[in-house]
Amino acid sequence: MGDTPPQLPQTPSSSELNIPSTMSSRPTLSPPNLLSLGYQPSPSRTIISDRFIPSRSSSNFNLFNLSPPSNSDDPLSSSSAAYTTLLRTALFGPDSGFTPPVTPDKSVGARNFPVASPTRNIFRFKSETRQSLHSLLPFETDDHLPGISHSPVKAARKVPRSPYKVLDAPALQDDFYLNLVDWSSHNVLSVGLGNCVYLWNACSSKVTKLCDLGVDDSVCSVGWAQRGTHLAVGTSNGKVQIWDASRCKRIRTMEGHRLRVGTLAWSTSQLSSGSRDKSILQRDIRAQENYVSKLSGHKSEMQVCGLKWSYDNRELASGGNDNRLYVWNQHSTQPVLKYCEHTAAVKAIAWSPHLHGLLASGGGTADRCIRFWNTATNSHLSCMDTGSQVCNLVWSKNVNELVSTHGYSQNQIIVWKYPTMSKLATLTGHTFRVLYLAISPDGQTIVTGAGDETLRFWNVFPSPKSQNTESEIGASFLGRTQIR
């Protein structure tokens, strides 16, 4: 041993220092820099780097059309690639260049999965990816399996663009603040023309002159009771006349207003009248008094031009040319809800027959908007700018749709789908503002009146049973006749 020359200390290799192979090639962290200072690291100590070295074993090379590492035998990465391939095939179809992997036998092992590589870029615009909904399912379907039916897409309902009947209505006034047309539950249309009221029977087309107010008075509003044959007539001298239309006989005359009565609304046995004197009178036709209560809320020198009772007869909505929309209950003399968002007169008012507390209102020329309110929560739901003066609103009784009639400047009639407020149809034909609107008792037909002295009948809503069923007063009454 004494002849043996002394052994110099050997520099430990990178494997003896437990340095990962991925870091041994980086000069800034290499052990020789430390060895040059005489530092001898322990073979069991691991040098920790301050840089993050990502693991490529979990990378998805198929996504970017790159070849995966050749020495990857990790069953987890193979399973991930197989799942990704299956998902892409389900989303983009079998023609996307991905072949669904074959389900492996459990006895073989996951590492034998055949993984297909993509043959083309999946992130590109192409018409082939516009497939049916079934191609988006994460599994294949067989359209021929028994018990599985695919219903065809329902075609959009077509609304006739032309009226099926036109009536001449001489002396029908072009006045935004009047309400001269109403349709009864017995299918009789009442129209105020000048100082007279005429009745048109929709079943027989018979025209009857109900009354003549004389040269010193004129008709400002008409309104049918919800049931029966009673018709209320508001006059320019502030009176309200109650007529029995079946006998063409006046029952009584009710006073209380100082100026013309431009709007009327019935609940069960109660009649509300709105006047140019800005007051609303609640009347009980069974009582001896002219009115039982007086509602005050609209500003002085303004007139009430819109009144509507809700379908449950619990709430009364009123609108005026003070740009206000008020809601009253059965016993209040002051409004319980006040809405001031409109910027023009509010004549168009309609309660939804489908949802309790849903109220629609429309503003005049300076506003042009239809607004929706939830009176149960006292909230403003939405607003739709129609582009022209909103004169009337009415909801369909059979479907969740509504109709609006318009004045300046397009004089159109629009059928809306609620709540999306998509237009189903835009009807034209009137040459003046469409100031008057009423709906038939079956809920399928509307009648519109304008200052062009015509009444036009439109089939716009489907029947409760079938959209193709014609109404009782349908297209058999084609042509143009005169109402008086």
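Is Glu255 buried or partly exposed? In this predicted model, Glu255 counts as partly exposed, at 40% relative accessibility. The side chain of Glu255 takes part in a salt bridge with Lys239, in which the closest N and O atoms are 3.8 Å apart. That pair links distant parts of the chain, since Glu255 lies in the loop between β9 (249-254) and β10 (261-266), whereas Lys239 lies in the loop between β7 and β8 (240-244), 16 residues apart. Lys239, at 29% relative accessibility, likewise counts as partly exposed.

Lys209 forms a salt bridge with Asp212, the closest N and O atoms being 3.6 Å apart; Lys209 is partly exposed, with a relative accessible area of 44%, and Asp212 is partly exposed at 45%. The other joins the side chains of Arg157 and Glu401, with an N to O distance of 2.3 Å. Here the partners are 244 residues apart, Arg157 being in the loop between α2 (75-92) and β1 (165-168) and Glu401 in strand β23 (residues 401-406). Glu401 has a relative accessible area of 4% and is buried, because residues under 20% are placed in that class.

Strand β27 has a partner in β26 (residues 434-439), with which it pairs in the antiparallel sense over five bridges, and Ile439 stands opposite Ile446 of β27. The hairpin of β26 and β27 has five residues between the strands, and Gly443 there takes a positive phi near 80°. Strand β28 (residues 454-459) also pairs with β27 in the antiparallel sense, in this case over six bridges. The hairpin that β27 and β28 form has three residues between them, and Glu453 in the turn has a positive phi of about 60°.

Arg456 is found in strand β28, where it is the bridge partner of Thr448. Although Arg456 is buried, it has no salt bridge, and the nearest side chain of opposite charge, Asp452, is 4.4 Å away; the pair is not counted because a salt bridge requires the nitrogen and the carboxyl oxygen to be within 4 Å. The side chain of Arg456 does reach the backbone oxygen of Gly429, at 3.5 Å. Leaving aside neighbours within four places in sequence, the contacts of Arg456 include Pro163, Lys165, Val166, His430 and Val447.

In soluble globular proteins, nonpolar side chains tend to be buried together. The largest nonpolar core in this model has 38 residues, and those with the most contacts inside it are Leu189, Leu455 and Phe457. Among the elements that give two or more residues to this core are β2 (181-183), β3 (188-193), β4 (196-201), β26 and β28, and β4 gives the most, with five residues. Leu189, again leaving aside neighbours within four places in sequence, is in contact with residues including Val181, Trp183, Tyr198, Leu199, Val447, Leu455 and Phe457.

Terms used
Residues are numbered from 1 along each chain as its sequence is written. This is a predicted model: local features need pLDDT of at least 70, side-chain atom pairs count only at pLDDT 80 or more; totals for chains, interfaces and linings use all residues. Side-chain values use heavy atoms; hydrogens and water are left out. Two strands pair if DSSP finds at least two bridges between them. Helices (H or I, at least four residues) and strands (E, at least two) are DSSP runs, numbered from the N terminus. A nonpolar core is a set of buried Ala, Val, Leu, Ile, Met, Phe, Trp, Tyr and Cys residues joined through side-chain atoms within 4.5 Å. Buried means under 20% relative accessible area, exposed over 50%, partly exposed in between (1.4 Å probe, protein chains only). Contact means heavy atoms within 4.5 Å. Lys and Arg count as positive and Asp and Glu as negative; His and the chain ends are not counted. A polar contact is a pair of N or O atoms within 3.5 Å; within protein, one must be able to donate a hydrogen and the other to accept it, and residues adjacent in sequence count only if both atoms are side-chain atoms.
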